[in-house]
Amino acid sequence: MTFEKKNLSAYEAMYEAQKIAYAPIIFQAVRTLRDLGIFTALQNSGPEGISIEAICESTNLSRYGVETLLETGLSCGAVELTENGSWKLSKVGYFLQNDPMTRVNMDYNHYVCYQGLYDLDKSIRSAKPEGLKVFNKLCDADWETIYQALPYLPEQIKTAWYDFDHYYSDSAYPAALPILFRNEIGTMVDIGTNIGKFAILTADYNDDVKITMIDLPDQLENAISNVARAGYSDRITALSMDLLDPEIEFPPAQGIYWLSQFLSCFGHKEIVHILKHAKAAMSTTSKLYIMETCWDRQQHEAAAYSLVNTSPYFTCMASGNSKMYHSDELLECISEAGLEVVNIHDNLGICHSLFECQSAQLQS
Ligand SMILES: C[S@@+](CC[C@H](N)C(=O)[O-])C[C@H]1O[C@@H](n2cnc3c(N)ncnc32)[C@H](O)[C@@H]1O
């Protein structure tokens, strides 16, 4: 997947440049059109559209406010103005209002990313998530990465983060499970389990598998209570670990080492460090599966666009050195760790690829 090169006139190029220059304002105005119920009023109107007065009445907003937002909406194609002066939702507006993926992305960009991204330039220089200071200040904390912060963030921010994370991984889990269970696996380590969703789904899928969930200690608390609630405490156990520690030890000789939407949380060096330690724990029959969203392996430009533009969140809010990787870089990390890819399954769920790996020396 590459981004299509457009042949633009100088005027068109200048207009495109203004769209970028005004992007933060367009974003906030459109989100406000959605969140203050103006899109709902437009959607509920008939094919003739609705007047500003009627929108003001149904939303309880001033004419000034509604008009200001609608004009921005008109400029970016989210709303349309009919010949008789009434307003309608455009096709783009329809997706902004109704498409769950667009809603999840917009909430995530607003609640999690927007304020912190102001300091992206500082983050690029320091390789630290400088935008995280917004949350540190809000919560009177001193977190170094967003992963330490997650369990403690205010509800709206936390919900936006989890909804974003789960929207994508939830879509791929059901497609990955039959691949993992082509053979009996016996035991699995879910590295970066988050709230234990995949571990529980796996226990639902197979009655015999025993699972160890690994994550940061505070994050694991949620996973442990979710597992208990699901009735799987006998088959799913937890092991807290900071995978950035120089010495880490994974449970040895597991059937599967599972890393989903996890390596994107780290820089190249850290990924190799984690994979090397996983390799050290693997037996000759162990498999290691990496499920990631690589922008170059997407079928649609829209998916690649969203993924590439998620990377600055990783820079400024998450860790300062992580990103949505091109698959070539992940493959380099896998090889540097002494692992070999035996299969790549693309197009799982909305946008995932599954890299099936084993110890490199097994190939010879
Ligand atoms: C993006 S979430 C992925 C969750 C899940 N595996 C999925 O498929 O949606 C990344 C997870 O890695 C964990 N994580 C991040 N840094 C970590 C570290 N240094 N040590 C252990 N876990 C970490 C986070 O707490 C989080 O639960």
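I began at the ligand. Of the 18 residues around the ligand, Tyr147, Ser169, Gly192, Asn194 and Ser260 come nearest. Here a residue is near a molecule or strand if its C-beta atom, placed from the backbone, lies within 6 Å of it. By class, I found eight nonpolar, seven polar and three charged residues in this shell. Nonpolar means Ala, Val, Leu, Ile, Met, Phe, Trp, Tyr, Cys and Pro; charged means Asp, Glu, Lys and Arg; the others, Gly among them, count as polar.

Two notes on the source. This is a predicted model: local features need pLDDT of at least 70, side-chain atom pairs count only at pLDDT 80 or more, and totals for chains, interfaces and linings use all residues. Residues are numbered from 1 along each chain as its sequence is written.

Next, the domains. The protein chain splits into domain 1 (10–98) and domain 2 (168–297 + 320–363), with bounds from an automatic or database domain assignment. Their C-alpha centres lie 43 Å apart.

Then I traced the sheet. Seven strands form an open, mixed sheet in the order S5-S4-S3-S6-S7-S9-S8. Strands are DSSP E runs of at least two residues, helices H or I runs of at least four, both numbered from the N terminus. Two strands pair if DSSP finds at least two bridges between them. Which strands stand at the edges? S5 (236–240) and S8 (339–348) do, each with a single partner strand, so one side of each has no neighbour in the sheet.

S6 (residues 256–260) and S7 (residues 287–292) pair in the parallel sense over five bridges. Leu259 has Ile290 in S7 as its bridge partner.
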